[in-house]
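This briefing covers aromatic contacts and strand pairing in one protein model. Please look at the sequence and the structure below before reading on.

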Amino acid sequence: MYVAKVPSAASGVELSVFCLCSSLAIGTTTGYRLFSLSSVEQLDQVHESNEIPDVYIVERLFSSSLVVVVSHAKPQQMNVYHFKKGTEICNYSYSSKILSIRLNRQRLVVCLEESIYIHNIKDMKLLKTIMDTPPNTTGLCALSINHANSYLAYPGSATSGEIALYDGNTLKTACTIPAHDGPLAALAFNSTGSKLASASEKGTVIRVFSIPGGQKLYEFRRGMKRYVNISSLVFSMDSQFLCASSNTETVHIFKLEHLTDSRPEEPPTWSGYMGKMFQAATNYLPAQVSGMMNQDRAFATVRLNISGQRNICALSTIQKLPRLLVTTSDGHLCIYNLDPQDGGECVLIKKHSLLGSGKTEENKENDLRPPLPQSYAATVARQSTVPSTSTMPGYSEDGGALRGEVIPEHEFATGPVCLDDENEFPPVSIRDP
């Protein structure tokens, strides 16, 4: 996941927060913590480690026992652990600082400033090194969580918004997407790896492309008045919504839907005639102008009580209701209700502390808010669209190095990666560049 530096003035602890739909990982100056979000009311601490201090990257393979850790003490070394058994599977060292790590059930990707390393996650063998990539000081890249579609996206240029798309399974370049005029700031795949969202450093326009073809499917305008730094970009599991957060106080949620011409023919009126003429005229305007006309604005929003600092968001289904999760710079996880039918302002329903081992804080604002309309509950109380778990391969439990043993860098692990979640489907992940 992407690293988000979240300093806490109250505790003096610097957090690096990583969020999944049902789990959360934070790296601190004293180690790292793993949490499980079983319900809106419950945030359980699954694991805490103080063996490696000053952790700035902690990547958990969905809700499994495999965790990848990088610390400021050794920024060029990646350590892979089976945290439930307390064993180190292996470690690898690289030529420069590790900026980001991505992983799914098939591949583990390590991003440096000017190179990318692709490993086979089942034995940690180094499969491919992509050398001489354009300077990528933030380690921006995205990996599809669908291991059957292990596409990797990263900046194809340091001066323009070109996206390089790489097939992590065949280890071949798929295509190049001219996404934006300016340099890229955020990238995110949907759960199936069939769509890719992107934003530039200006942060005003967010675009969604088909994968692997690279055709533009959607274009959303976040705002025109000011440039912002997009800190997280994430799809919902069903790919119906796309969430974007930045260094401003507003979180935007866009709905991915196409308008159709299946509406009944309206009676001829002067306004209707002019509307059709205006729509037809867009076909003859320059692409930049017609694109501006066709851009959709936010379907739903959240107004945070902080501005100028980074935060991380996720879209999840918890207790059969769609929720927006926001980790804030003061070390909290905020949970909002999202109305999938009418959108609008999302309602804050719970606030958890990430610094108090999963302790929760009551949301006093709830007592002042009117109850949600019944139609909303009826709309969202539906079955989740999570794919069948029978398609997910399992892992054996007989490998891994013993505590204290380190497998030499760039060599095979002694056995297959050991996990204990054979039947668990991975949740959607969000990342903060």
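How many bridges pair β18 with strand β19, and in which sense do the two strands pair? In this predicted model, β18 and β19 (residues 195-200) pair over five bridges in the antiparallel sense. The notes below place that pairing in its sheet, then turn to a hairpin and to the aromatic residues.

**The open sheet**

- The strands β18, β19, β20 and β21 form an open sheet in that order, with antiparallel pairing.
- At the edges lie β18 (184-189) and β21, each of which pairs on one side only.
- Neighbouring strands of this sheet are turned against each other by 20° on average, with direction ignored.
- Within the pairing of β18 and β19, Ala188 has Ala197 of β19 as its bridge partner.
- In a regular strand, side chains alternate between the two faces of the sheet.

- Strand β16 (residues 161-167) runs antiparallel to strand β17 (residues 172-180), and seven bridges join them.
- Gly161 has His180 in β17 as its bridge partner.
- Four residues lie between the two strands of this hairpin, where Leu171 takes a positive phi near 60°.

**Aromatic pairs**

- A pair of aromatic rings is described by how far apart the centres are and by the angle of the planes.
- There are four aromatic pairs in the structure.
- One of them is Phe220 with Phe254: the ring centres are 4.8 Å apart and the planes stand at 25°, so this pair counts as stacked, the cut-off being under 30 degrees.
- This pair links distant parts of the chain, with Phe220 in strand β21 (residues 216-221) and Phe254 in strand β24 (residues 250-255), 34 residues apart.
- Both Phe220 and Phe254 are buried.
- Phe241 and Phe299 have ring centres 5.7 Å apart and planes at 35°, so the pair is tilted.
- Phe241 belongs to strand β23 (residues 241-246), while Phe299 sits in the loop between α2 (287-294) and β25 (300-303), so the pair ties together parts 58 residues apart in sequence.
- Phe241 and Phe299 are both buried.

- Which residue has its charged end over the ring of Tyr56? That residue is Lys97, with its charged end 5.1 Å from the ring centre.

Conventions: Residues numbered from 1 in each chain as written. Predicted model: local features only at pLDDT ≥ 70, side-chain atom pairs only at ≥ 80, totals over all residues. Heavy atoms only, no water. Phe/Tyr/Trp six-rings, centres within 6.5 Å; stacked < 30°, edge-to-face > 60°. Buried < 20%, exposed > 50% of the residue type's maximum accessible area, 1.4 Å probe, protein only. Lys NZ or Arg CZ within 6 Å of the ring centre and 35° of its normal. Pairing = 2+ DSSP bridges. Axes fitted to C-alpha atoms, helices over the stretch in contact; angles between N-to-C directions.
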